[in-house]
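These are my notebook entries on what I looked up in one model, written down in the order in which I went through it.

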Amino acid sequence: MAGTSIPMQTNAVNFDPIAFSDIPGWADDDHLAAWKAFIASCGPVLSTSASGPKAGEPAYKQHLLEVCRLALAQDEAAGIRTRKAARAFFERHFRPHRVAGAKGAGLLTGYYEPLLKGSRVRTAEFPIPIYRRPPDLVNMVAESERGAKSSAPTHMRKTERGLEPFPTRAEIEQGGLAGQDLELMYFKDPVDVFFMQVQGSGRVELPGGEKVRVSYDGKNGYPYTSIGRALIASREISAEVMSLQALKQWLRANVERARSVMWKNESYVFFRELTGDDGKGPIGANNIPLQPRRSLAVDTSFYALGTPIFVDAPELTHATKTGGFHRLMIAHDVGSAIKGPERGDIYFGSGDEAGRLAGVTKQKGHFIVLLPVSDAAKPQAAGSAP
């Protein structure tokens, strides 16, 4: 696969080639952990691309699929088991590129898998439902593109009159889905349910002690609205102290007003229970198994799922022991709020500590994108469109 790199231009953002030695912290990273995250995405990426290239995909995606096939073959042959070998693989089959031309500094946030107590049946202790995907819900875009294309409805409702908007969060919580037997599980706290929807997954401890996982299975089609920004704008919480924990505290301290504030986010997520191998861990877009601190949610109008992206965030100091965040990650997920060439959401893992780290992550950062090398690619000028 040695050959020439593939410069790329997407949405007026250039990707300029650099040397691996120019990447801050490249030599010190755990490339084997990044390799394992890359391998985790290769199978799902290849299976969802079996029908061939699609319009609007990043130009390098077909070459990325070639690298994935090679990586899976090497993994099956037990060819890469050390950091040194993993680093050599990335350096042989990819070339690093800085993002050039983006407006403003990049932004890194975090997400996680919450652990909540819940019940399969409604009780006085567990009255708040989450819902299965309704049978009349229709995707207007691929789920992997719902973040990139959320300016228009991503989902609609199929009716006898044709496609219509689905009920909003407020309408659903006031009985918009009642009587359809769509309730999947029940929880204690509407605030917990709201944030499980924002995270897109959850691990649920049932009354008997059994733990199961639920994951995103569609939404009502409305764009995501940050209620944190709404509370900052209304001066309820200052921008300096805003965090996931501060937002939860405000909502629980203002019970009467909290419901109307949460309704400002009209987006509503539906869930499915993960079973079998899928239930062993949380999953991202296209059923890619998420890897703590190696999985990154991105804007798929710029990056194909499975793309290795080195995140350089010197100010993100709370997530590592050494200070700063300099790590090769893999594009594994999407999100309605993730828009732009240097906008990323870091998956921190499961439970309260992961939630604490995710909740205070809002730092500047930059992407160094690893684009695949191909013998078939013709040399091109840096930043030119392929």
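What is the order of the strands in the open sheet of six strands? I read it as β6-β10-β5-β11-β12-β13, with mixed pairing; strands here are DSSP E runs of at least two residues and helices are H or I runs of at least four, numbered from the N terminus, and two strands pair if DSSP finds at least two bridges between them.

I noted that this is a predicted model, in which local features need pLDDT of at least 70 and side-chain atom pairs count only at pLDDT 80 or more, while totals for chains, interfaces and linings use all residues. Residues are numbered from 1 along each chain as its sequence is written, and side-chain values use heavy atoms, with hydrogens and water left out.

Next I looked at the edges, where β6 (128-131) and β13 (269-274) each have a single partner strand, so one side of each lacks a neighbour in the sheet. For β6 I found four bridges to β10 (residues 183-187), the two strands running antiparallel, and I saw Pro-129 opposite Tyr-186 of β10.

Then I turned to the disulfide (a pair of cysteine sulfur atoms within 2.5 Å), of which the structure holds one. Cys-42 and Cys-68 form it, with their sulfur atoms 2.5 Å apart, and the link is left-handed, with -75° about the S-S bond. I placed Cys-42 in helix α1 and Cys-68 in helix α2 (residues 61-76), 26 residues apart. Both Cys-42 and Cys-68 are buried, that is, under 20% relative accessible area with a 1.4 Å probe, protein chains only.

Notes: Buried means under 20% relative accessible area, exposed over 50%, partly exposed in between (1.4 Å probe, protein chains only).
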